[in-house]
Amino acid sequence: MTLGEEEITTLWRIRNTVYQMLRDRGYLIDESELHISKDQFISMNGPNMRREDLTIQKSKKNDLPDKIYVFFPEEAKIGVKTMKTYINRMKTENVFRAILVLQQNITPFARILIADISSEFQFEVFQEAELLVNINEHVLGSTHEVLNDEEKNTLLEKRERNTAASDPVD
């Protein structure tokens, strides 16, 4: 099945967001992968691209054996059969993390399967619509920073002082 122009544009935008997200999470992403044009995307995947062909596997920068998969299922709503296919692929390749980029949703039985295997495999599930824009690069998106122990303690102490100051006296 050939994808329409709008669907290709959507997948290109999602793909760019996913690569930025992987980079931000510390995975090895080449700069050229981050900034491909829509024409390059179509050239790489062909005019008859399928979602399955967009599957990504990346390693952590500082821990190459630590890998992640990003799956783009063909089915609008994925079920247990598709999940088992992904899990078997991950087992075979010793990959224990995955991101699912879904057109619609996941069946209740597939959700139960994910919960049952969560001690061995970590799955994150995103709807395509959630990945159209990288919220970290949005003008209105707030910046988040990891605090070191000293900064964290200072912030907690400040919070305690403010809370104590606003408590009514009995």
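Analyst: Here is a walk from the helix to the sheet, and then to the rings.

This is a predicted model, where local features need pLDDT of at least 70, side-chain atom pairs count only at pLDDT 80 or more, and totals for chains, interfaces and linings use all residues. Residues are numbered from 1 along each chain as its sequence is written, and side-chain values use heavy atoms, without hydrogens and water.

Start with the chain. It holds 6 helices and 6 strands. These are DSSP runs numbered from the N terminus: helices are H or I with at least four residues, strands are E with at least two. Along the sequence the pattern reads α-α-α-β-β-β-α-β-β-α-β-α. Of the 170 residues, 35% count as buried. Buried means under 20% relative accessible area, exposed means over 50%, and partly exposed lies in between (1.4 Å probe, protein chains only).

Now zoom in on helix α5, residues 108-116. Its A110, L113 and I114 are buried. Seen down the axis of α5, the buried residues fall within an arc of 100 degrees, so they line one face of the helix. That arc is taken from the directions from the helix axis to the C-beta atoms. An α-helix has 3.6 residues a turn, so residues three or four places apart point the same way. On the other side of α5, P108, F109 and D116 are exposed.

What covers the buried face? The cover of the buried residues of α5 includes β3 (77-78), α4 (80-92), β4 (97-102), β5 (105-106) and β6 (122-127). Contact here means heavy atoms within 4.5 Å.

Two strands pair if DSSP finds at least two bridges between them. Strand β2 (residues 67-71) runs parallel to β4, and 4 bridges join them. In this pairing, F71 stands opposite L100 in β4.

F71 also brings us to the rings. F71 is buried, with a relative accessible area of 0%. Y69 counts as buried too, at 2% relative accessibility. The whole structure has 3 aromatic pairs. The rings of Y69 and F71 have centres 4.8 Å apart and planes at 20 degrees, so this pair is stacked. Rings of Phe, Tyr and Trp (its six-membered ring) pair if their centres lie within 6.5 Å; planes under 30 degrees apart count as stacked, over 60 as edge-to-face and the rest as tilted. Ring pairs link Y69, F71 and Y86 into a cluster.
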